[in-house]
Structure formats: structure tokens, C-alpha cells
Amino acid sequence: MLEERPCLVSRDYHSRPCERESNWLMPYKTETAEVQQGKRPLETNGEEDGVVRKVSKHSGDYIDTELSIGGILMSSRDQSGNQQHAGDNSDSSSLIAAIGPDNSINCLIRCSRADYGLIASLNRSFRTLVSSGELYKVRRINGVVEHWVYFSCQLLEWEAFDPIRRRWMHLPRMYSNDCFVFADKESLAVGTELLVFGRDATSHVIYQYSLLTNTWTTGMSMNEPRCLFGSASLGEVAILAGGCDSHGHILSSAELYNSETRMWNTLPSMKKARKMCSAVFMDGKFYVIGGIGGADSKLLTCGEEYDLATGTWTEIPNMSPVRTGAARDNEPPATSEAPPLIAVVNNELYAADYADMKVRKYNKDSRAWITVGRLPERADSMYGWGLAFRACGDRLIVIGGPRNAGEGFIEVNSWVPSEGPPRWDVLGQKRSASFVYNCAVMGC
């Protein structure tokens with residue numbers, strides 16, 4: 001878990017002079033964000049992922065690269081024999097020889113993780129350091145955290161957005177059967193992994209994207225497979241609670257996943273079984289909020305707090321921000337809405353009220369929700385579905401946008417609560433005919 005105070009990577013990384021002087025290499029296919037400038041989105045050219053090529057200098061407004069960490073590693077291995085024959089130091093164990101390995105790592109953990117693809121191509125020692133994940137472990141120990149937003153607007157396609165450099169990145173396409181494509185899916189980022197949960201023809205399945213290899217794999221399984229659960233992560237661990245099993249039974253069980261050991265551990269069960277709930281970490285504890293439960297599948301307004309130190313659950317009444325009254329005109333019942341849209345920034349809990357387009361904050365002392373401002377004006381959704389509301393370091397991020405007649409766009413909006421009442425900055429914008437199906441934030 002994160003220890004001490006996190007040392008967040010500066011939001012001014014993108015303005016460093018050295019970046020403007022070099023050809024920029026990224027570990028994904030990338031494009032710069034469109035921010036109220038009418039720029040057209042990146043048009044991909046259909047080349048295969050993992051191709052290594054130098055990024056040329058363009059006079060245009062976006063960069064089109066196809067460069068993965070996996071591609072860098074393969075290219076470097078192919079060239080290693082020639083490099084050694086030429087007498088370079090590709091096998092050096094000192095990394096930056098002049099300052100030694102410890103100081104080298106101390107410097108590298110303070111680089112943006114967007115730089116690690118380029119760093120991995122320098123020699124075998126750098127390559128091993130990056131691909132092993134050791135850099136990210138040292139970053140976590142030293143409280144160095146950098147957050148990227150991962151989201152899917154197409155059923156098998158995922159993108160990442162770097163809010164520091166304001167760039168979009170395309171992940172490799174997922175390959176699956178039709179059952180998985182059209183099944184309910186949940187997503188979770190933990191450590192250096194992005195996990196996507198769904199169903200195939202016969203059982204639940206988990207697709208795992210690795211930041212270290214830029215690839216998707218399957219084969220992982222929970223102790224009690226489920227869907228429609230609440231989940232949250234803190235550093236290298238994540239907790240999943242509630243949901244439904246393969247027979248549709250609502251669950252009260254919970255599990256903890258450690259991304260470093262790849263182990264699933266069963267936790268004590270919650271006091272109430274619930275599905276379609278949301279979850280967060282706050283003040284070092286895990287909270288499950290809202291959802292649907294009970295014999296009559298009613299909307300739950302309570303939350304539950306799990307203390308990792310004592311292994312106990314405590315019920316908290318009226319912790320859910322969702323409405324409990326009758327549906328308004330032309331609105332479905334509350335049980336048809338999306339799970340609560342909640343996020344935690346600096347140990348303060350916030351919620352997005354899609355119906356009234358307001359942002360609310362939870363008062364821990366009075367256990368009541370208060371309105372602090374409005375959501376971005378163009379944060380459209382369908383009863384909360386298709387709108388992403390996430391914590392991203394010291395920011396709150398809202399991803400969504402208007403759509404009509406098969407056309408539209410999505411925006412990445414940002415607000416830093418410590419700077420005052422909600423004033424939303426548009427970090428990026430791109431065309432999209434679909435809304436946001438899944439979204440997760442990876443901090444590493």
C-alpha cells in the first residue's frame with residue numbers, strides 16, 4: 001500500500017524544455033488532446049501494435065506513433081548482439097555509471113512513466129529494470145505516484161489518457177468471443193495492471209492488461225467469480241465486494257487481490273448482500289456504498305466500512321448519495337440507475353448527481369451529503385450510465401459528452417477540490433459515437 005505522503009508527479013511535466021528538444025517516444029500509439037481548438041482526432045492507419053519506429057518531427061497538431069514497451073524490448077534484443085560487438089555497455093549493471101545503481105534508480109523513479117518506453121531502449125540493464133516492474137515498486141515505496149485514466153468507448157477497445165501531457169494512447173485491442181463482448185463488464189486498475197471482468201460462454205472471465213508488457217492475457221480467477229460488484233484499489237492491492245454469482249444470486253462476500261503476488265484472499269462477508277454497488281478507499285479503510293439487495297431487490301441507502309486492521313465490517317446508514325424518492329417524469333425507478341458515481345480525493349468523498357448535474361460532498365461528522373457545485377455542462381449520461389466520475393490524484397475527473405444521431409464527442413474534465421468550488425477545465429476532447437462503457441484510474 002501507499003506509505004507516507006504521496007509525491008505526485010508535477011502537473012507541469014509537459015512543459016519541460018528537454019521534451020521540446022527531442023523526438024518523443026511513447027509506449028503506446030498516441031495523439032495529443034484536442035482542447036477547444038477544433039482539431040480532428042487521430043486517424044489510425046491500421047498497422048499492427050508493437051511496431052517500433054522513430055517518431056519524426058511534425059508540424060501538425062498530433063503525433064501518430066506505434067511503439068510499445070514490448071516492441072522496444074523485442075527490438076533491443078534483436079540488436080543486442082550488434083551493440084555488444086560494437087563495444088557498448090548494454091550489459092552494464094551500473095545503469096548510469098557515473099552515479100551508481102542506487103542513485104540511478106533514485107533519478108529514474110522521478111521521471112514520468114511516459115518516459116519508460118524510451119528508457120527501456122537504452123541498454124539491457126534499463127530494459128530489465130523497466131520490464132520487471134522494479135521501478136514501480138520503488139516509486140510506490142517512495143510515494144511517487146502518477147495517474148493515467150483508462151477507459152473504453154468501444155466494446156473491445158481501450159484508451160489511456162495522460163492528464164499531465166494531455167495525450168490519448170491506444171491500448172492493444174482485446175480479443176474475445178461474442179459472449180464476453182455483450183456481457184456486463186466491470187474494470188479495475190491495481191498496481192501496474194488493468195483488470196476487465198466479464199463472462200464468456202461458460203463462466204466468468206478476467207482479462208488482464210499489463211503496463212509492463214503492453215499485452216492482454218486471461219486465465220486469472222477469483223475465489224468466488226462474480227459480476228456487478230463494487231471495487232477499489234490502493235497501491236498494489238484491491239478489494240472486490242458484493243455482486244452476483246453465475247446463478248444470479250446476490251453476494252455479501254468480499255475478496256482482496258494483491259497484484260504483486262497475484263493472489264486472491266477471501267475476506268469476511270459484509271453485513272448485507274448487495275449488487276450494483278460502488279466502492280472507495282478512504283482514510284485507509286474500504287467502503288462499499290449503495291447498491292441493490294434484500295429479498296425484494298430494493299435500493300440500499302446504507303454503506304459498509306471494512307477495517308483492514310481488524311478485519312471487521314461496520315454498517316453506516318444513509319451513506320449512499322442516490323435518490324430515494326419516486327421517479328420523476330420519464331425516468332426509470334432508482335433501481336435502474338447506474339451504481340453511485342463516487343470518488344475520493346484527499347480522503348474526502350464526492351458524488352456526481354447526474355439528475356441535477358451537481359457535485360456533492362460527504363460530511364463525515366454529520367453523515368450527510370452537501371452540494372458544493374455543478375458538474376460540467378456537457379457531461380451527458382443515460383440515468384448515470386455512460387458518465388465516468390473518478391479520482392485522479394488530487395483531481396476529480398469527469399469523462400462524458402453529448403451524443404446525437406450517432407455522432408458526438410467525449411471530454412475529459414478536471415477539477416482540483418483544494419483550489420475552491422468546482423471550476424472544470426477541459427483537459428482533452430475527441431470524437432466518439434459511443435459513451436464511456438468502463439473507466440479506471442491507474443496510479444503508479
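L375 sits in the loop between β24 (368-374) and β25 (388-392), where helices (H or I, at least four residues) and strands (E, at least two) are DSSP runs numbered from the N terminus. This is a predicted model, in which local features need pLDDT of at least 70 and side-chain atom pairs count only at pLDDT 80 or more, while totals for chains, interfaces and linings use all residues. Residues are numbered from 1 along each chain as its sequence is written, and side-chain values use heavy atoms, with hydrogens and water left out.

**Surroundings of L375**
- L375 is buried, with a relative accessible area of 2%; buried means under 20% relative accessible area, exposed over 50%, and partly exposed in between (1.4 Å probe, protein chains only).
- Leaving aside residues up to four places away in sequence, L375 touches A352, D353, Y354, M357, K358, V359, F389, V398 and W424, a contact being heavy atoms within 4.5 Å.
- The C-alpha atoms of L375 and D353 are 8.1 Å apart, and the two residues are separated by 22 residues along the chain.

**Overall chain**
- The chain contains seven helices and 30 strands.
- Of its 444 residues, 54% count as buried.
- Among contacts with a separation of 6 or more, 53% are between residues 24 or more positions apart.
- The accessible surface of the chain is about 20,100 Å², and carbon and sulfur atoms hold 48% of that; the areas come from the Shrake-Rupley method with a 1.4 Å probe, and for residues only the protein chains shown count as cover.

**Helix α3**
- The buried residues of α3 (residues 100-108) include G100, S104, I105 and L108.
- Viewed down the axis of α3, its buried residues fall within an arc of 165°, so they line one face of the helix; the arc is that of the directions from the helix axis to the C-beta atoms.
- The cover over the buried residues of α3 includes α4 (116-120), α5 (124-131) and α6 (134-141).

**Salt bridges**
- The whole structure has 20 salt bridges, each a side-chain nitrogen of Lys or Arg within 4 Å of a carboxyl oxygen of Asp or Glu.
- R139 and E146 pair at 3.4 Å, N to O, and both residues are buried.
- E224 pairs with R226, with the closest N and O atoms 3.7 Å apart; E224 is partly exposed at 32% relative accessibility, whereas R226 is buried at 1%.
- D283 pairs with K364, with the closest N and O atoms 2.8 Å apart.
- D283 lies in the loop between β15 and β16 (285-289) and K364 in the loop between β23 (358-363) and β24, so the pair ties together parts that are 81 residues apart in sequence.
- D283 is partly exposed at 40% relative accessible area, and K364 is partly exposed at 32%.
- Shared partners join D115, D162 and R165 into one salt-bridge network.

**Positive phi**
- Most residues other than glycine have a negative phi.
- M276 has a positive phi near 50°; M276 lies in the loop between β14 (263-267) and β15 (278-282) and is buried at 17% relative accessible area.
- S297 also has a positive phi, near 50°; S297 lies in the loop between β17 (292-293) and β18 (298-299) and is partly exposed at 34% relative accessibility.

**Cysteines**
- The search finds zero disulfides in the whole structure, a disulfide being a pair of cysteine sulfur atoms within 2.5 Å.
- C302 is buried at 7% relative accessibility, and C444 is buried at 9%.
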